[in-house]
Amino acid sequence: MLHGADYNPEQWEKYPEVLEEDIRLMKLANCNVMSVGIFSWAKLEPEEATFTFEWMDKLLDTFHENGIFAFLATPSGARPAWMSEKYPEVLRVEANRVRNLHGLRHNHCYTSPVYRDKVTTMNTKLAERYAEHPAVIGWHVSNEYGGECHCDYCQEAFRDWLKEKYQTLDALNDAWWTTFWSHTYSSWAQVESPAPHGESMVHGLNLDWKRFVTHQTLDFYRHEVKPLKAVKPEMPATANFMELFEPLNYAKMADDIDIISWDSYPLWHDTSDPSYRAAYTAMNHDWFRSLKDGQPFLLMESTPSLTNWQPISKLKKPGMHNLSSLQAVAHGSDSVQYFQWRKSRGSSEKFHGAVVDHLGSEHNRVFQEVKELGENLSQLDEVVGTTVDAEVAIIFDTENRWAVNDSQGPRNSGVHYERTVTEHYQAFWEQGIAVDVIDSEKDLSKYKVVVAPMLYMVREGVGENMEKFVKNGGTFVTTYWSGIVNETDLCFLGGFPGPLRKTLGIWSEEIDALYDGQTNHVKVIGNNELGLSGEYQAKELCDLIHLEGAQALAQYGSDFYAGRPALTVNDFGQGKAYYIASRNDRSFHKEFFEKLADQAGLTRATGGTLPVGVSAQVRTDGENDYLFLMNFSGESQDITLAEGEYQDHVTGEAVSGNVTLTSYDVKVLKK
Amino acid sequence: MLHGADYNPEQWEKYPEVLEEDIRLMKLANCNVMSVGIFSWAKLEPEEATFTFEWMDKLLDTFHENGIFAFLATPSGARPAWMSEKYPEVLRVEANRVRNLHGLRHNHCYTSPVYRDKVTTMNTKLAERYAEHPAVIGWHVSNEYGGECHCDYCQEAFRDWLKEKYQTLDALNDAWWTTFWSHTYSSWAQVESPAPHGESMVHGLNLDWKRFVTHQTLDFYRHEVKPLKAVKPEMPATANFMELFEPLNYAKMADDIDIISWDSYPLWHDTSDPSYRAAYTAMNHDWFRSLKDGQPFLLMESTPSLTNWQPISKLKKPGMHNLSSLQAVAHGSDSVQYFQWRKSRGSSEKFHGAVVDHLGSEHNRVFQEVKELGENLSQLDEVVGTTVDAEVAIIFDTENRWAVNDSQGPRNSGVHYERTVTEHYQAFWEQGIAVDVIDSEKDLSKYKVVVAPMLYMVREGVGENMEKFVKNGGTFVTTYWSGIVNETDLCFLGGFPGPLRKTLGIWSEEIDALYDGQTNHVKVIGNNELGLSGEYQAKELCDLIHLEGAQALAQYGSDFYAGRPALTVNDFGQGKAYYIASRNDRSFHKEFFEKLADQAGLTRATGGTLPVGVSAQVRTDGENDYLFLMNFSGESQDITLAEGEYQDHVTGEAVSGNVTLTSYDVKVLKK
Amino acid sequence: MLHGADYNPEQWEKYPEVLEEDIRLMKLANCNVMSVGIFSWAKLEPEEATFTFEWMDKLLDTFHENGIFAFLATPSGARPAWMSEKYPEVLRVEANRVRNLHGLRHNHCYTSPVYRDKVTTMNTKLAERYAEHPAVIGWHVSNEYGGECHCDYCQEAFRDWLKEKYQTLDALNDAWWTTFWSHTYSSWAQVESPAPHGESMVHGLNLDWKRFVTHQTLDFYRHEVKPLKAVKPEMPATANFMELFEPLNYAKMADDIDIISWDSYPLWHDTSDPSYRAAYTAMNHDWFRSLKDGQPFLLMESTPSLTNWQPISKLKKPGMHNLSSLQAVAHGSDSVQYFQWRKSRGSSEKFHGAVVDHLGSEHNRVFQEVKELGENLSQLDEVVGTTVDAEVAIIFDTENRWAVNDSQGPRNSGVHYERTVTEHYQAFWEQGIAVDVIDSEKDLSKYKVVVAPMLYMVREGVGENMEKFVKNGGTFVTTYWSGIVNETDLCFLGGFPGPLRKTLGIWSEEIDALYDGQTNHVKVIGNNELGLSGEYQAKELCDLIHLEGAQALAQYGSDFYAGRPALTVNDFGQGKAYYIASRNDRSFHKEFFEKLADQAGLTRATGGTLPVGVSAQVRTDGENDYLFLMNFSGESQDITLAEGEYQDHVTGEAVSGNVTLTSYDVKVLKK
Ligand SMILES: [Zn+2]
Ligand SMILES: [Zn+2]
Ligand SMILES: [Zn+2]
C-alpha cells in the first residue's frame, strides 16, 4: 500500500537542511512514495537547452538509499518563463481569441509544434536518465490536464478532426442541424470553435468541440508518453484526474492510461448532510475504479488537513483523516497520497494542508494523524490489487452530461444532472450495496441492476444495449428527460423516450418544469408490485407520460396531470424496466431502491440495513473479503454484521454480531 | 382572423415526407397563414450570387393550392457564413470595440455598405419573384430588430446624426453639460459611442446614442423595404416587435411600419400573482395597439406550450392557450401566430414549443388545443378590423425610460419604472377599463384620464400638452420623480416638477430613498374629496413636497416628514391634476383609481366590478361591441354583466345577468 | 474654521447671473472657502497651448473682494479630449492590456512622458499666475488619486522599481517564492504586472505591484507639486483622500502632503446599527488624523444631503448634517467642505447633494441646515489647530490589508479584515476613549494600549517594535491570523505567530474556518485576572493554540477543540500581551475592552460610560479641552459628565453633571 505525497524540494534549495530533515520525517510518517518533478521545468531547464538534472539525481538517490519510491513527473503542467517569452505560440488562446500572458499553470497550447517539441526533448531526457533508476516506479504525466486552446493551430486541428469524423460538410450540416438560423457552412474554413462573441448556440458544434478537446488532450498525453515508453515500455504511466471533472471525457482516456489516479478534496464537515458528502465522495472513487473496469486506482492527491482554495478551509476533525483515506482504499485505491509533503513558504498554495507544516517538525496533530494512518496502511498490503464486485451500475456519462447541461430548456435554471446521479447513487450507498459508475456505452451484461438517471443523450447502440440487458433479465431504471437526443443532439422523432420507449413501455408526451420551491406529489398506487407505501415530493421536472404496456406504480397528486403515471414498471423479456417520471425527494429514493434491491436480490455488505451515515464496502480478491465499516455520522453507531466470523484486520481479533463504531471510526474486517 | 406560425421547411429538406404531412396538419389545425423565409438566407443564396428559389416557389405554390397564405420574410436576421467570411465588415462591433465572429443571429452592422447592398439584392429578388404570388399577403421584414454596432461606419453615422441635430459642437456641449469633468469636445472626431472602457457617464451622450440606434435601425428598415415597395407598394410590411423592448423606441418606428406585429411570451403560471401577469401582458398588447392609434395588430409569435429560453419552461395548463390567445384578440390583435409550426430537430431552439412536436403527429394535447383555438378563431372573423375605445391613457415613454434608468440617483438599486407603470395600468385592468399606452408626445385630447407615472423626462412641449389637457377638463395623474429633466437630461431649474409644477400646484423640495424592506405610511386626510378611507404603505421613494395651490388628500405617517403631503389634487382650469408623492402598494392603487374612475365617469366593460383575476375588454366597430370575458384566476368566477342582452359569439346563445367562467375560460359576447 | 465647497462656475458660463447669486448665497451660508479648478482643464486650455485663465482671474478676484478664500486645484484628474485624441499614450491601459478610450476621469497614465509634460506646463502656469493671489490659501492637487496603468511605460517603470528594490533576479525569485509552479524569472523582461489572463497568483508580485502603484502615484504627485512649490514653497498642498481606500498606501504618501484632507460620505441612516456607522466614520477620521501624527486634517468633501452614487440616496434627517460635520471636527478636522456648492444641471453627478439645489435659492431645508452649521462653525475658531491625545492605537496597516485580502485560505469567502478592525475600534469609541489608527511601522512609545487585529503580515522590525512596547509596560492585543508572513508574503517558519510568539507566549498550531452561520463558544475561565464573566460567540475563524507561558482567560466551548484556550494573556516585561484566538461577537469586544481599559487606566472623555449611540471626543491644545458630545442614536439620551465645570461653547452657559442630547444633537463643551 503506497503512502506519500507530492514533493518539491527544489523550492527549498536555499534551505539546505530541509532535504535531510524531510527524509527523517517521511520515514517517521510511514511514507514510502513521493511524486517529484511536478512543475519543475524551470529547475530542470532554467535556460533553453541548458539542463540541470543534478538536484533530481541527488533526490532520487537519496530516496533509494532510504527505501522511498518515486513517481517521476513530466513537467509540462507549467512552462518556464523563457519559453513563453521566446515562443508565444506555446501560450493558450482563450475562447475570446486573446492569447494569455505567461502565468499560472496549465496555460499551454496542446497543439503548438514548439511546445510539443520541447515536451519531447524534456521527456526523452527524463526517460533516458531516470527510467531505470531503482527509486522510480512510475510516470506522473503532467498534472491535472484541463482547459482548452482556441489558437489557429487548434482551429486547424479541430477542422481536421471534423473532416475525419464527418467526411463531408453536408454530413456535418445535417448532424448539427445548421439550417436553423442560416448556420449552414459552405466551406470548412468557416467552422470555428465556440466563442462568446461568435457561435455558442449550435449544440452539435459545442458537443464536438468538447469531444475534440478530449481528443486533443489525449493526443497530447500520447505525445508525452511516447518518449517515456520508448525507453521502458513496462513502466506504468498515470495522469492524475479530478473530481467529477466535466471538461474532459475520462472514459475516452482511460484505455491509454496505465493506472487511473485522482485528486480528492471533499468538503468534509461542510453544511450538507454528512451522508451526502460521504456518498458523493464514494461515487467519485467508484467512478475512477470503474474507468478501467475495476482495476485499483491511486489516490494521487488529498489533504491531511484542509485546502487553501475552497471557500471555507475547514480542519479535518480527529479521525476524519484516517476515515477519509481508508474510504478511498475501501472503494479500490491502492494508495493514499497528498498534495503536498511540505507546505511552500510562499506563493499561492502555501496554506494548502501538508504533512509537514510551516512549523517544520512532527510535533503537531496533522503529522501525528498522518503517521497513524501510515501505520494502518502498512497493515493493509494484502488488500492491494483486490477489487470491488458490483451488481449495480449507475450510468454517469460525460457526453450526456455535456449535452444535458448545454441544452436550452426545459429548465435553464437547473436540471442538476450531477446531483441527481449522486442521489440515485446514495440510495445504494446507504444500503451497503456496491456500485460501478460507468459510461453508457459500457458492457452491461455483468450487472443485475442498471440505473441511468436523466439519460438525455442515447448514442447509437446504447438503446439496443439497454434493451438487450432487460430482455436478458436485468432490471433497468431510468427517469424523465431520457431518450431525447442522439449523439449530435438531434431529437428523436416519433415520440420520446426514443430508443428506450419500447423497453420502458411508456410514451412521454410533454414535460413540465416547476419553479424552485414548487412541488407536486407522487402517490403510490395501492397494492403495487414493489410494495411501496409512501407519498413523496416531486420537484423541478415532471414528465407527462402514457402507458404503452408498462403499469403505473405511482401517480401525480396535483396540478392538471394529477392521476397520471409518475412511476412505472414494464415487464420486458426476462427483466423489468422502471421509469421515474419526476425528480423526487430522498424518501422516494430510499424506499424505492430498497424495495428494488430486495426484488433484484442485490447483495448488501453487511447483509442488512445500516445506521444513518455509516458506509460498508467490500474489496475482494475472490477468496478473501475485506469489509470496510466506516462511520461518517459524527456520532457513535452500532452495526449488525451478517452471519459469520470476521477478523479485525488491525487488531487481529475475531468479530461477529454487533460492531460499534465511534465517530469517524473505521474498521477493516476480513472474512 | 389569421391563425398560423413561422415555418421553415428548408430544415426538413432531407425528410421529404414532412411538407405534405405539414399541409395536412395545418388544415387540421385550422391554420391559414405561415411566415416563411425567416433566417433562410443560406438556403436562398447558398453561395454569393447563386440563388436557389425553387424550394420557395414550391412551398408557396403548395400553400396556394391548399388555401394557406404566407407572410414572406426578408432573411436579413442572419447572414450566411460565406458573407461573414468574405466581408467581415458585415459583422457587428460590440461596445468593447471588438468585432464579433460569425455566429448566432442579429449580428450585422446596419450601416455596412456591403450588408446594405446584399440586402438590396436579396430583397429585390424576393419582391420581383413573389410580390404578386397569390399566397403572399405581406412582408415579414427581417426578425426582431435589436442590438447595436460600434464600428467605424457606425461611429461616422452617429457623428453625422449629431451634426444634423445640434449643428454646432457648442450646442452639443451645452446640451450634454460636458463642462463637468472636462468632457468638452473640441472636434467632432472626439465624439464616440459609449463604451465600458471609455465614456459611460455623460447621460446626454448615452441618450443620443440610443436615439441614434433607433434612427439607424429605422433607416435600415427603410432600406429593406424600399425594393419591396418598389415592386408592389400596396403590399403591407411588418417588423415583429418584442415585449416592453427597451433598446429601440418603437414609437419612432411605428409610422413606417404598415402593420404592427409582436412576439408575446408571457410567463404564464409563474410565481407572481396571476392578475399581475395577465395585466402585464394586456399592457403590452395595448401598447402595441396604441403605437398606431388603435389600428389592430398581429400577434406574430407566441407559443402553444412553452419556450426553451425562459428560466423555467412551464407548460400551459389546459385552457390557457385558448385564453391567452383570445386575450391578444381582445386587446386588438387580428391574428394568433406561433413560433413555430414544427419543432426543429436540432440546434438551440429545438425545445421551443411548436404546433407539431418531435412526435410528428396531431395526437398530443398541444396540437389539440391549437386546433380548438383555430375553430374558435374561425368564428371571430367579424372582429377583424375592430378596435378598442379607451378613455384612459397611460404614458409609457421609451425615452423617459432610457433616461430614468440611466440616472445616477436617487435609488441606484432600482426605481422600477416598468413595474411601476404596470402597477398603475393594472388598477384599470382590474376594473375592466380600457387603456391606451402611449408616448408622452401623443395627442391627449381624446382621453378623460391621463396617467404618467415617474415622468422624469419632460420633453419640449410635453408639459404644455399636459397643462392644456387639464385646463380643458382632463384628469391628470403623475407621481414622484416627474418633471426632473429635459430631453438631453438637463435638470429643470427653479423647482421641480419643472414644467408640471403649475398644473399640479405643488413644489417638490427633495426626495428620500428607502432601503428595500423599509416603509412609510400614507394616511388619508378625513373627508378628502375623493372619499379615500384607507391607510397604505409607501416604499422606495418618498417625495417631500409643498402645496402651491393643490390640496392634500393624504399625508406621510412617519419619519421626519410625517404629516407632509403624500397625495395631492389641484383644480386647474376645467380639470384636476393629482400628484402621488411616493411609490405605494397595490391597495393604494386599487382604491385610488376606483375612486378616480368614478369621479371621472370612466366606462367599465361590465359596468361594475370584476372578480379577482378576471379581465373584461371590449372591441368595437362603433356599432357592435364584442365583450371578451377572461378568467386568469385559476378558479371558477361569476361575473355580473351590465344591463342588456348579449349573444355568446361561439354558441350563439343569448346571455344576460350573471356569467360563470370556469378556470382559464373565456367568453366572447356580442352586444 | 473653514466652511465651503467645490465650486465649478465654468459649468454656468451660459448662465451669467449665477456667479453673482452664488457669492450672495455663500455669504448667507457662512461659507469662507471654495475649491476651484477641479476638472477644469478643458476650460483652462481648450486647445493645445491655448490658455484661457480670464474666467479664473475673475473668479478669484471676486472671491477676494467678498472675503472668500480658495483652494486652487491642478486639473489633472481629467484630461481634455484633444489631448487623448492627439496623444493616446496619456490614456490608461487596464490590466487586460487594452488601452481605454477617452472618457470618465482618472483615466491617465501616470508614467506617460507626454502627460507629465502637459501637467508641468499647466501647473507652472497656475503657480505663476495664482500662487500670490490673495484669495488662494492652498493647492488642491488633482482629485482623489487612484487606479493603475499597465502600459509599456508603466511596465518598464515597475521593472526599474523592482531592480532597485531587489538588485538581483535571484533575490526577487526568492522573495516571491517563484519556484512554485515553475514561475522562476530568468530575465527582468519576463516580469509583468498582474493580469487576469496572465499572472495573478504570485502574492509577492501582487504585493509589489500594489506598492509600485503607490510609489508611482506618489511620484506623480511630487511631479505635480514641483512647479507649484518652485513658485511659492510655503503654500500648502493637499491631495484629497478617500474612505478606507485600499488601492493606495496613504501611510507612504502622508509625508509628502502638507495637509491631509479627505472626502467623507458615510451611509447615514442605512440599515446597520447607528453606533456601527458612526464608529466606522469616526475611525476614518482618526485614521486620517493619525497619518500625520495628530496634525488636524480637512474634511475636503462631504454632502449636505445625499449622494447620487450610493445604492440608496437617503436624505440626512434634520440635525444629522450638523452632527456629522461636527463629528469630523471632533476628531481633528479644521474644516467642513462639500462636494459641491451648486448642483450641476447635467451629466453624471447632477443629483449629488449640494448646498445650492437646482432650485437655485436659499429657500430649502438643506441650505438652511448648511447655514446653521456655518454659524456653529464660526464659533469654533479656537478649536482650529488643536489635536486629539490618544492613549490607544489601533493598527490598520494597508500592506497587511493587501496581503490578508489576497491570501488564498483560510477563508476565501471572507476574513473581513476591515470590519474586524472597525469592531475593535468601536469598543473604544463606545467608551469615549480616543484612538489613533496607525500603520504597523509607527512609533508605539506614546501609547498605553496597542491593538493589532489580524496582523497577518509582520514586516521587518515590527515584531521587535511590539516586543519592546510590551517589555516597556505597554498592553498589546492581537488576534488569530497574526504573525503569519513577512513583507513579501513568505510564511514564518518554526511556528506561528512568528515574531510575535515570544511576546504573546503562545503557539498557534492550526486554524479552523467556520461556515457562515456556524459558531463556537468562548467561555471565560472562573476567576480570570480581567474579571470577565460572560460567554461569547465565536465565528469565521478559530485559532487552535498552545500556551507557552501565557495563561488562558477563556476557552472554546465546542467542537473537537473545546477546552482549548480562546483568550490568553502573557505577562511580558513590564507589560501584558493578549491574544484573541477567534473572531468574536460584539458582546465580547464590549466586555473585554472595558475591563482592559480599566486595567490599563485609560482616560474616558466623560470619565464614565456612555449611552448607546452616544460618542464623546476631546480636542485639546494642552490647556483647553473641547469636549464634543454627539448623539447618533436617533433618540434622546442623558450623559453624565465627569466632575468639574464645563462651558457650552455655543450658548456660553455653564454645564455640569448631566447633559441631555436630543436625537442627532451635538454639544461642544469647553473645560
Ligand atoms: Zn492552440
Ligand atoms: Zn457598424
Ligand atoms: Zn502607463
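Predicted model: local features only at pLDDT ≥ 70, side-chain atom pairs only at ≥ 80, totals over all residues.
The ideal angle for four tetrahedral donors is 109.5 degrees.

I then listed the protein donors: the SG atoms of B:C109, B:C149, B:C151 and B:C154, 2.2 to 2.3 Å from the zinc ion (donors are N, O and S atoms within 2.8 Å of the metal, or 3.2 Å for Na, K and Ca; water is not among the atoms, so sites may look incomplete). B:C109 sits in the loop between α4 (81-86) and α5 (113-130) of chain B and B:C149 in the loop between β4 (136-140) and α6 (152-166), so the pair ties together parts 40 residues apart in sequence (helices are DSSP runs of H or I with at least four residues, strands runs of E with at least two, numbered from the N terminus).

I checked accessibility: B:C109 is buried at 0% relative accessible area, and B:C149 is likewise buried at 0% (buried is under 20%, with a 1.4 Å probe and protein chains only).

**Chains A and C.** I counted 6 salt bridges between chain A and chain C (a side-chain nitrogen of Lys or Arg within 4 Å of a carboxyl oxygen of Asp or Glu). One salt bridge joins C:D559 to A:K317, with the closest N and O atoms 2.9 Å apart.

**Conventions.** Residues are numbered from 1 along each chain as its sequence is written, chains are lettered from A and ligands numbered from 1 in the order written. Local features need pLDDT of at least 70 and side-chain atom pairs pLDDT 80 or more, while totals for chains, interfaces and linings use all residues; side-chain values use heavy atoms, without hydrogens and water.

Technical notes
Buried < 20%, exposed > 50% of the residue type's maximum accessible area, 1.4 Å probe, protein only.
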